[in-house]
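Take a walk through this protein with the model open beside you.

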Amino acid sequence: MFCPKCGTQNPENATFCGACGTPLGNAPKAQPQQPATATQASSPLPAVPGAHADAAAVKGGVSNKAVLIGLIAVAAVVVIAVIVGVVTCSGGGGGKAPNLNGLVTDKAEQVAGTLEKLSKGKTQKGDTFFSANDEMRDLIKKLDKAFDNDKKDMKDLKESVQKTNPWAVIVVDDENKTLTANDVKDGEDPSMVSYDTFRVLEKPKSEDIAKIVSEVCNYDKIVIGYNDDGELFTGMARNNDEVIRITANEYEGVYEISVGCYRLDELKSSDAFEDSFDNLYDNYEDKNLEDIYRK
């Protein structure tokens with residue numbers, strides 16, 4: 001089955017595209033490729049500054065990693081997701097990142113107020129993202145350009161990544177359109193928030209990635225693991241109102257960790273998202289993942 005969004009060929013029984021995460025079969029067709037600061041892995045919605053997971057799968061069609069992600073039906077979104085060490089519920093400037101659950105459930109004025117305290121930037125494709133301050137915003141732009149594409153630039157940026165743990169947030173509606181603070185004020189309702197962080201990590205475990213995810217969103221259940229080469233992590237989490245997709249991949253010693261928080265009652269394919277989580281959570285031993293962390 002060919003993906004209607006990116007053209008990648010997938011197994012006939014695949015629920016989501018292994019390369020971009022677009023729902024397949026009877027699921028609603030996704031909108032044209034949205035925010036992405038480079039290539040991106042599994043995700044049924046847009047991309048955030050950074051989500052370049054599994055570049056080989058995205059750039060070269062179906063790879064083993066792409067098939068793996070497709071098989072476990074990781075309902076994920078794409079974009080640059082970034083995660084910081086300290087998180088508050090209301091977000092704000094400085095180095096703190098906003099709580100993803102709040103950005104998809106709070107009232108419009110609260111969401112707009114949080115975004116207005118952050119530094120606004122544009123991805124290479126022109127989509128709006130938000131970061132802690134202008135310095136971090138500029139670093140995100142450089143990482144967006146270099147990740148998966150420029151080994152020398154990534155090596156040069158590694159020290160800055162280690163010092164700042166840069167992150168970016170992209171807010172998206174149910175039509176895959178990225179939103180600004182003014183859009184939210186004007187009544188456009190966020191259905192997904194994608195958050196990416198770049199981290200210098202040495203041989204991280206699945207539990208390490210899960211801890212980073214917990215810094216930016218609240219969940220009741222989570223399951224995550226990595227493929228056999230340990231370079232691509234994938235998983236999901238959820239609570240009563242949201243499903244969270246998780247990916248993390250490595251490039252030149254830097255891991256990009258992407259977290260997409262989806263508000264179920266705003267998604268046209270909410271049933272598919274919930275089914276994907278239940279399938280992964282209940283049948284995790286059958287997914288050919290290593291070092292599985294499940295809670």
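Start at Asp 189, which is partly exposed, with a relative accessible area of 34%. Keep in mind that this is a predicted model. Asp 189 has a partner: its side chain meets that of Arg 263 in a salt bridge, at 3.7 Å from N to O. The pair links distant parts of the chain. Asp 189 sits in the loop between helix 7 (181–185) and strand 6 (192–199), while Arg 263 belongs to strand 10, and the two are 74 residues apart. Arg 263 itself is buried, with a relative accessible area of 18%.

Why can such a pair form? Side chains of opposite charge can pair when their charged atoms come close. How many salt bridges does the structure hold? There are 11 salt bridges.

Another of them joins Glu 252 and Lys 155, with 3.9 Å between N and O. This pair also links distant parts of the chain, 97 residues apart. Lys 155 lies in helix 6. Is Lys 155 buried or exposed? Lys 155 is exposed, with a relative accessible area of 54%. Glu 252 counts as partly exposed, at 22% relative accessibility.

Stay with Glu 252 for a moment. Its place is the loop between strand 9 (242–251) and strand 10 (254–263). Look at its backbone. Glu 252 has a positive phi of about 55°, although it is not a glycine. Asn 165 also has a positive phi, near 45°, and Asn 165 is not a glycine either. You will find Asn 165 in the loop between helix 6 (151–164) and strand 5 (167–172). Asn 165 is partly exposed, with a relative accessible area of 24%.

Now move to helix 5, which covers residues 134–146. Asp 134 pairs with Arg 137, and their closest N and O atoms are 3.4 Å apart. Asp 134 is partly exposed, with a relative accessible area of 44%. Arg 137, in contrast, is buried, at 18%. Asp 138 comes in as well: salt bridges that share partners join Asp 134, Arg 137 and Asp 138 into one network.

Glu 207 is found in helix 8. Glu 207 is partly exposed, with a relative accessible area of 38%.

Finish with the cysteines. How many disulfides does a search of the whole structure find? The search finds zero. A disulfide needs the two sulfur atoms within 2.5 Å. Cys 261 is likewise in no disulfide, and its nearest cysteine sulfur is that of Cys 217. Are these two cysteines buried or exposed? Cys 217 is buried, with a relative accessible area of 2%. Cys 261 is buried too, at 0%.

Terms used: Residues numbered from 1 in each chain as written. Predicted model: local features only at pLDDT ≥ 70, side-chain atom pairs only at ≥ 80, totals over all residues. Heavy atoms only, no water. Helix = DSSP H or I, 4+ residues; strand = E, 2+ residues; numbered from the N terminus. Buried < 20%, exposed > 50% of the residue type's maximum accessible area, 1.4 Å probe, protein only. Salt bridge = Lys/Arg side-chain N within 4 Å of Asp/Glu carboxyl O.
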